[in-house]
Amino acid sequence: MVQKNNLEDFNKEKEEKIIDDKRLVERSKNGDKSAFEYLVRKYSKYVYTTAFFMLRDSQEAEDISQEVFVKVFLSIGGFRGLSSFKTWLRKLTVNTCIDKIRIKSKTADKKVSLDSMIEDGNDILLYEFNQNVEKFFQDKETVKEILKIIVNLDESYRIPLILRDLQDYSYVEISEILNKPVGTIKTNIHRARKIIRDTLDEKNKK
Amino acid sequence: MNDLNKFFKFAKDIIVKPSKDTNIEDKIIEKIRNLSDEDKTILDNNFKEFLKKYNSRFYLFKKTLKENCALVTVLSIVGVGATIFFLIEYNNYKNYRNKN
């Protein structure tokens, strides 16, 4: 019964969130700048995070975030709402990042440490999972470890893995975005997951 | 792998907070308030293509079909099978009625 109530609350919250976005988008379409600014405040960190993991550079992630919101602002009148605003924003962010990666692949060979990124002043926030505190901290550390491995993966592994496992893109979509056969994408994602698993196993043995 | 999936699920909720000196929201808002004509060139052909795609029901429908290729094939086979079955049954019924 409690579970059912939680589910109902969750669904209600989800529904309110979507309606809220819809309303804000509608108001933005009608030229209400404060509604658009609210959307910026709501989603800027989400856009920044997506760009940050794809480009592995704080400054570039910031530039991409600005570019994405300028694009959204200039074209919001043409947004028909066939998908949710968040999905549209996510696709646009990924698209802009891919364009950036294509233009200059300077991040391709860069060795990055997530720790140094955090020391640069970035901070990783993890929304609380529904579990006990001890388990939460254990899992939080594992998630951080996984992200550390991901940011240092070769670009041909990193981008497909991020798109598939963190951004929920389908294999077909990834293959279209990256102009590579679906088979290659599947192989690269499989290898990336194996690298993550092996590295975690090695760390656990130590 | 299941465990890895669990952690990927958690990782989706991660937010990287930009450095303390950077207030990204204010920077974006400031930029939007002071847009120049030059900024409008940002809407290049690539972006227009993207916008066209994601505003097209036909494209999204095609994409769904492509992504669920196996399901569509199975449903089509079942559909064709069912149609053939009903046609045969209907013919049998018609023949039976004609005989009587």
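Me: What volume does the largest cavity have?

Reply: Start with the idea. Rolling a probe the size of a water molecule over the atoms shows where empty space is left. Now the case here. This is a predicted model. Its largest cavity has a volume of about 40 Å³.

Me: How many cavities of 30 Å³ or more does the rule count?

Reply: The count comes to one.

Me: Which residues line the largest cavity?

Reply: Both chains take part. From chain A come Lys71(A), Leu92(A), Asn95(A), Thr96(A) and Asp99(A). From chain B come Asp44(B), Asn46(B), Phe47(B) and Phe50(B). Two elements give two or more residues each: helix H4 (85-103) of chain A and H3 of chain B. H4(A) has the largest share, with four residues. By class, the lining has three nonpolar, three polar and three charged residues.

Me: How much area do chain B and chain A bury between them?

Reply: The size of an interface is often given as the accessible area lost when the parts come together. Here chain B and chain A bury about 5100 Å². Carbon and sulfur atoms account for 69% of it. In contact are 44 residues of chain B and 60 residues of chain A.

Me: How many salt bridges cross the interface?

Reply: The rule finds six between chain B and chain A. One pair is Glu62(A) with Lys27(B), whose closest N and O atoms are 2.6 Å apart.

Me: Which element gives the most to the side of chain B that touches chain A?

Reply: H2(B) does, with nine residues. That side of chain B has 23 nonpolar, five polar and 16 charged residues.

Technical notes:
Residues are numbered from 1 along each chain as its sequence is written. Chains are lettered from A and ligands numbered from 1 in the order in which they are written. This is a predicted model: local features need pLDDT of at least 70, side-chain atom pairs count only at pLDDT 80 or more; totals for chains, interfaces and linings use all residues. Side-chain values use heavy atoms; hydrogens and water are left out. Contact means heavy atoms within 4.5 Å. Buried area is the accessible area (1.4 Å probe) that two parts lose on being put together, summed over both. A salt bridge is a side-chain nitrogen of Lys or Arg within 4 Å of a carboxyl oxygen of Asp or Glu. Ala, Val, Leu, Ile, Met, Phe, Trp, Tyr, Cys and Pro count as nonpolar, Asp, Glu, Lys and Arg as charged, and the others, Gly among them, as polar. On a 1 Å grid over the protein atoms alone, a cavity is a set of points where a 1.4 Å probe fits but cannot get out, and a pocket is an open set with protein on both sides within 12 Å along at least five of seven lines; lining residues have an atom within 4 Å of a point. Grid points are joined across faces, edges and corners, and a volume is the space filled by probe spheres set on the points.
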